Amino acid sequence: MSETKNKVKVHVEKVNKSYGENHVLRDISLDIAENEVVVMIGPSGSGKSTFLRMLNQLETPDNGTIVVDGFDISEKTTDINKVRENIGMVFQNFNLFNNYTVLENIMLAPVELGKLDKVAAEKKARELLETVDLVDKADVSVNSLSGGQKQRIAIARALAMEPDVMLFDEPTSALDPEMVGDVLEVMKNLAESGMTMIIVTHEMGFAKQVADRVVFFESGKIQESGTPDQVFNAPKNERLQEFLSKVMHA
Amino acid sequence: MKKTVKLLIVGLLSLLVFVITSSDVDAAPTPNYIITTDATYPPFDFQDKNNQYTGIDQEILKTIAKRQGFTYTLKPMSFNAATQSVSSGQADGVIAGMSITEERKAVFDFGTPYYRSGIGWAVKKGSNIKSLDDLKGQTVALKTGTSGADYALSVQKKYGFKVTYFNDSDTLYNDVINGNSQATFGDLPVIQYAVKNGTQLKVMNSKSPIQAGWYGFGVQKGKNTKLLTAFNRGFAEIKKDGTYDKIVAKYLGASATKFTGSKQDNSSVLGILKANNGAFLKGLWQTMLLTILAIILASIWGILLGVMGVSQNALFRGISTTIIYIFRGLPLMVLAFFIYIGLPGVIGMKIPAFTAGLLTLVLNEGAYTAAFVRGGFAAVDSGQMEASRSLGLSYAKSMRKVIVPQGLKIMIPSFINQFIITLKDTSILSAIGILELTQTGSLIVSRNSQGFRVWAIVAVIYLIVITLLTWLSNWVEKRTRA
Ligand SMILES: Nc1ncnc2c1ncn2[C@@H]1O[C@H](COP(=O)(O)OP(=O)(O)OP(=O)(O)O)[C@@H](O)[C@H]1O
Ligand SMILES: [Mg+2]
């Protein structure tokens, strides 16, 4: 667990993953630097979610190396719970805890994991509610929220642990179009604050605006990656060109 | 709130330990035998109006014990449980109006045969029917499912009578007395005992029972020879000095006396309640105690099994599935007999009926609980667990803080349902002789023959308790939703 301050936050090397006969990830290697915002695009079933979920061990790779923040999480002896405290994740379906209020959702992890006491956790939670612009929802049940509100609370919940890396798996795909903007706004602010972010999304406009790097997944492989300008305006890979022509004209 | 729940559980657990250990005290050191009986068989074994066990068997046994210098603890239960307890070594002897048969001789050693019984027939007092031949064209009243009924049918053609059926002896006797039917067949001592209690019938063959056989006191084959010797010695003595005849005459002699309380007590619901309120209350208390302990322990056990059933560990899941499969598949009564009668032979330790009954309920209701608990947890969206794990919470913490509370909420209606089933299932444990509400009812009915009224009382008590239980559950449910 060397603290090599080489600014590489996430290091992925030769990772493979199969579900039975289905070879979902093929020899993926990728390095992500501190403060970098990486957007992953690609057709359905190409392995984007699987890749993202592997970064915090919700899926285990068959082989290869994954190092997050200096912790080799493919190593059995690594305390995965400790590593996860440092990696926030936002899901397509929000997954807010239905048995808690908004405030309790945000406070749960810091309090349970001994990071903050109750008073400090509540203070922190209220601050976060302010940054996602939902202060007045503190004490309501999560089921009374709209999709957009839910997703902003989910982001606040992940941020309560003060993670170094944030993972987003299609955070706006389940939202009504008019809600998408609010969530993307929160994510944009987060990117500007210097958070290291890995985002799977179909929001190409957002990718162009916010991404430092865009990665194109197809058939379990990274087919192309580069700056938004390179990927969107001068795609070299044939499949990427095909993919872009489909999504851009959709 | 949490503290009081914890306190409550600790309190109930210690109560359980107390119940188990205190009933163990029964097993005193020197020759105190455990004798089983079926106390629903007057005039041999039944409860008198003061809820004391009495009858021909019981008086014989009591007298012999006193004279031969041994003590015993009487365990009344169903006839089958009474005999099996002895053949399995759970109890030392059985006296229950049990006929000596070749089959039973293979498992029991019998003492000196003590009573010659068989089928008897009776007519209305003053009737001019003198022999079976006079029954031609007449109607014979029979109680369904008795050996008397079987016998009557086997000779129906020969004597040319018609038959009519009854479920309850009192109504049957009245039918004969009122002249609707002219005769009845049944166990000879049972009819004699009815006459003794004032039924206006005349027994036609008191001295010559049909298909006669002997009753015997039984111990496990090859065991307890000391007890058997003492019984035989004592029996020879009371036979010789006339005590035996006195006992039999007391129950079957010609002059009528009442063992079963006055007519008034038995002919109205209020009278029955008054005469037996102590017994009903005790039965209710046993039912409640069993229910409450079983509900709490089965819920704890069921939740534990259910959590194991959704565990990440395949071994735990396998164990949970197997236990649920076994104990959901076993009928409650089979399980009760197995634990009460079968298990002691294997572990070499006697298990008190209450403990065996409670264990039975916990295993059976616990398995049902586990099944819906497992289902309830599985019904919680898998995203909840993923979100919790992604924040760094351990599996155990995620279960406790996120999955279990949501799962339990889904399960509340199932829990309430299971509580009510548990209450009803306690009645099955009457078979191993736990004196709960149903067994109390059986004993009272066998004494006063007021089946309809007594069972109506028992049914109403159950309904009241179930209503209270439902209210309580709904109240708790509302509180947890708030
Ligand atoms: N738990 C699983 N068991 C079996 N197969 C799976 C599992 N999870 C994913 N897969 C398969 O792996 C492949 C990649 O899935 P993944 O969810 O990573 O794709 P994706 O790029 O995120 O697609 P989408 O844009 O639709 O979300 C798919 O073929 C999918 O069916
Ligand atoms: Mg996906």
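This is a predicted model: local features need pLDDT of at least 70, side-chain atom pairs count only at pLDDT 80 or more; totals for chains, interfaces and linings use all residues.
Where in chain A is Phe94(A) found?

1. Phe94(A) is found in the loop of chain A that runs between strand 6 (87-90) and helix 3 (102-112). Although Phe94(A) is not a glycine, its phi is positive, at about 65 degrees. Phe94(A) counts as buried because its relative accessibility is 11%, and the cut-off for that class is under 20%.

2. A positive phi also occurs at Asp27(A), again a residue other than glycine, with a value near 50 degrees. Asp27(A) has its place in strand 2 (residues 22-33) of chain A, and with a relative accessible area of 48% it is classed as partly exposed. As background for these points and the next one, most residues other than glycine have a negative phi, and most peptide bonds are trans.

3. In chain B, the peptide bond that joins Pro42(B) and Pro43(B) is cis, with omega at about 5 degrees. Pro43(B) lies in the loop that links strand 1 (32-37) to strand 2 (46-47) of chain B.

4. As for chain B overall, its secondary structure consists of 18 helices and 13 strands, and its C-alpha atoms fill a box of roughly 95 × 50 × 40 Å along the principal axes. Of the 482 residues in chain B, 51% are buried. Among contacts in chain B with a separation of 6 or more, 76% come from residues 24 or more positions apart.

5. Where the two chains meet, 17 residues of chain B are in contact with 22 residues of chain A. Together the chains bury about 1,700 Å² between them, and 54% of that area is on carbon and sulfur atoms. Glu386(B), Ser390(B) and Leu391(B) supply 34% of the area that chain B buries against chain A, which is more than any other three residues.

6. Three salt bridges are counted between chain B and chain A. In one of these, Arg53(A) pairs with Glu386(B), and the closest N and O atoms are 2.6 Å apart. On the side of chain B that touches chain A, helix 15 (382-390) and helix 16 (395-425) each supply at least two residues, and helix 15 gives the most, with seven residues. By class, that side of chain B has five nonpolar, seven polar and five charged residues.

7. Lys424(B) lies in helix 16 of chain B and is classed as partly exposed because its relative accessibility is 46%. The C-alpha atom of Lys424(B) is separated by 35 Å from that of Ala314(B), a residue 110 positions away along the chain.

8. Leaving aside residues up to four places away in sequence, Asp175(B) touches Thr164(B), Phe166(B), Asn180(B) and Ser181(B).

Conventions:
Residues are numbered from 1 along each chain as its sequence is written. Chains are lettered from A and ligands numbered from 1 in the order in which they are written. Side-chain values use heavy atoms; hydrogens and water are left out. Contact means heavy atoms within 4.5 Å. Buried area is the accessible area (1.4 Å probe) that two parts lose on being put together, summed over both. A salt bridge is a side-chain nitrogen of Lys or Arg within 4 Å of a carboxyl oxygen of Asp or Glu. Helices (H or I, at least four residues) and strands (E, at least two) are DSSP runs, numbered from the N terminus. Ala, Val, Leu, Ile, Met, Phe, Trp, Tyr, Cys and Pro count as nonpolar, Asp, Glu, Lys and Arg as charged, and the others, Gly among them, as polar. Buried means under 20% relative accessible area, exposed over 50%, partly exposed in between (1.4 Å probe, protein chains only).
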